[in-house]
Amino acid sequence: MASTWKDVLELAVAIELECAALYEVFAKTFADKRELAYFWRLYAEAERYHAASIRIHQSAMSTARPQGEQGYDAESTDAAAFLAEIREERARCERHGIGVADALRLARRVEEHSAELHGRTQFFKLFPEFGDLLVKMADEDKAHRDLLATAEKRWG
Ligand SMILES: [Fe+2]
Ligand SMILES: [Fe+2]
């Protein structure tokens, strides 16, 4: 069955929330390192914000017609596999714990995966009249990755 843009955004929300859950596990894992725990908590909050922004797009556009509905099967398969992978990693961290350097490496892998950004950018391909917002979001996403780079320098 072909995915629709709504399915793609639904999956994107799930990915953002799963990233948040992973980073919350990191915050708990490093609870005795207050500043590091605070960093992961902030990072998790950013992911919840990403999910909320996708939800806002969904509701704002619920009755709009996208410019050319496309098939998203390949992208969705890739994103769903990524979601399953983060879930597994989170379960593993909860069971066995994780060191600071490995947590940062895992976060880097997550943040560099196209699926993490996909939901936020896909929307603008379908609704180009919202292009200005894309610029704002791209700036936010860059700041989000820069924050991870700062943490890597400090704790990596
Ligand atoms: Fe995100
Ligand atoms: Fe992220």
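**Figure 1. Burial and overall build of the protein chain.** Buried residues account for 27% of the 156 residues in the protein chain. The model shown is predicted. Its secondary structure consists of six helices and zero strands. Read from the N terminus, the elements follow the order α-α-α-α-α-α. The C-alpha trace spans about 50 × 30 × 20 Å along its principal axes. A compact globule of 156 residues would have a radius of gyration near 15 Å, so the 16 Å of the protein chain agrees with that. Contacts reach across the sequence: of those between residues at least 6 apart, 83% join residues at least 24 apart.

**Figure 2. Confidence along the protein chain.** The average pLDDT of the protein chain is 88. A score of at least 70 is reached by 94% of the residues. Confidence is highest in helix 4 (residues 100-112), at a mean of 96. Confidence is lowest in helix 5 (residues 114-126), where the mean is 71. Where pLDDT is low, predicted coordinates should not be read in detail.

**Figure 3. Helix 1 against helix 2.** Helix 1 covers residues 5-29, and helix 2 covers residues 34-60. The two pack at an angle of about 165°. Their axes lie 8 Å apart. An angle over 145 degrees counts as roughly antiparallel, and helix 1 and helix 2 are therefore roughly antiparallel to each other. Helix 1 passes helix 2 in a left-handed crossing.

**Figure 4. Helix 4 against helix 6.** Helix 6 takes in residues 131-155 and packs with helix 4 at an angle of about 160°. The axes of helix 4 and helix 6 are 10 Å apart. That makes helix 4 roughly antiparallel to helix 6. The crossing of helix 4 past helix 6 is left-handed.

**Figure 5. Residues where helix 4 meets helix 6.** On the helix 4 side, the residues are Val100, Leu104, Ala107, Arg108 and Glu111. They meet Arg145, Leu148, Ala151, Glu152 and Trp155 of helix 6.

Figure 6. Ala81 sits in helix 3, which covers residues 73-96. Is Ala81 buried or exposed? Ala81 has 10 C-beta neighbours inside 10 Å, so Ala81 counts as exposed. The cut-off for exposed is 12 or fewer. Ala81 and Ala115 are 34 residues apart along the chain. Their C-alpha atoms are separated by 9.6 Å.

How values were computed:
Residues numbered from 1 in each chain as written. Chains lettered and ligands numbered in written order. Predicted model: local features only at pLDDT ≥ 70, side-chain atom pairs only at ≥ 80, totals over all residues. Helix = DSSP H or I, 4+ residues; strand = E, 2+ residues; numbered from the N terminus. Rg over C-alpha atoms; globule rule 2.2 N^0.38 Å. Buried ≥ 20, exposed ≤ 12 C-beta atoms within 10 Å, placed from the backbone. Contact = placed C-beta atoms within 7 Å. pLDDT = per-residue confidence, 0-100. Axes fitted to C-alpha atoms, helices over the stretch in contact; angles between N-to-C directions. Parallel < 35°, antiparallel > 145°, perpendicular 65-115°, else oblique. Left-handed = near helix turned anticlockwise from the far one by under 90°.
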